[in-house]
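Have the sequence and the structure open side by side before reading on.

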Amino acid sequence: ILMIIYRNLNETIGFNIKAWREIKGLKQEWLATKIGLCKSSLSQMETGKTEITISRLSEIAVVLEIDIFLLFENPCERLKNTPTESPISFTNDKGLL
């Protein structure tokens with residue numbers, strides 16, 4: 001059970017890194033370079049396939065200009081509880097999708 005929780009945490013963190021990177025309009029290669037990684041290493045983080053140290057998470061949060069705690073947040077819970085504050089947009093230039 002602990003392994004499942006741990007894997008899900010890595011996946012949640014990775015999902016949030018990718019989501020915030022995309023929200024900020026940043027390329028994967030750019031973020032990887034800013035935090036001293038190659039693109040493939042960041043890709044592995046974003047898919048939850050590799051562990052991320054707290055110091056690396058801190059670096060990512062600083063570069064993304066977000067609170068580090070947002071990287072741990074369950075994106076489904078955020079959408080369910082506070083949809084108006086969600087960083088994920090379901091609109092386009094013509095309105096709702």
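**A glutamine and its surroundings**

Glutamine 28 counts as buried, with a relative accessibility of 15%. Here buried stands for under 20% relative accessible area, exposed for over 50%, and partly exposed for what lies in between (1.4 Å probe, protein chains only). The model is a predicted one, in which local features need pLDDT of at least 70 and side-chain atom pairs count only at pLDDT 80 or more, while totals for chains, interfaces and linings use all residues. Residues are numbered from 1 along each chain as its sequence is written, and side-chain values use heavy atoms, with hydrogens and water left out.

Glutamine 28 sits in helix α2. Helices (H or I, at least four residues) and strands (E, at least two) are DSSP runs, numbered from the N terminus. Leaving aside residues up to four places away in sequence, Gln28 touches Arg21, Lys39, Leu42, Ser43 and Glu46; a contact means heavy atoms within 4.5 Å.

The C-alpha atoms of arginine 21 and leucine 64 are 6.7 Å apart, although 43 residues separate the two along the chain.

Two of the residues that touch Gln28, Leu42 and Glu46, are buried residues of α3, together with Met45. Viewed down the axis of α3, the buried residues fall within an arc of 95 degrees (taken from the directions from the helix axis to the C-beta atoms), so they line one face of the helix. An α-helix has 3.6 residues a turn, so residues three or four places apart point the same way. Just after α3, glycine 48 has a positive phi of about 75 degrees.

Beyond four places in sequence, leucine 71 touches Thr12, Ile13, Asn16, Ile17, Trp20, Leu57, Ile60, Ala61 and Ile66.

Phenylalanine 72 lies in the loop between α4 and α5 (75-81). Phe72 is partly exposed, at a relative accessible area of 33%. The loop between α4 and α5 also holds glutamate 65, which is exposed at 67% relative accessibility. Glutamate 65 has a phi near 55 degrees, a positive value in a residue other than glycine.

**The chain as a whole**

The protein chain has 5 helices and 2 strands, in the order α-α-α-α-α-β-β from the N terminus. Of its 97 residues, 29% are buried. Among contacts with a separation of 6 or more, 57% join residues 24 or more positions apart.
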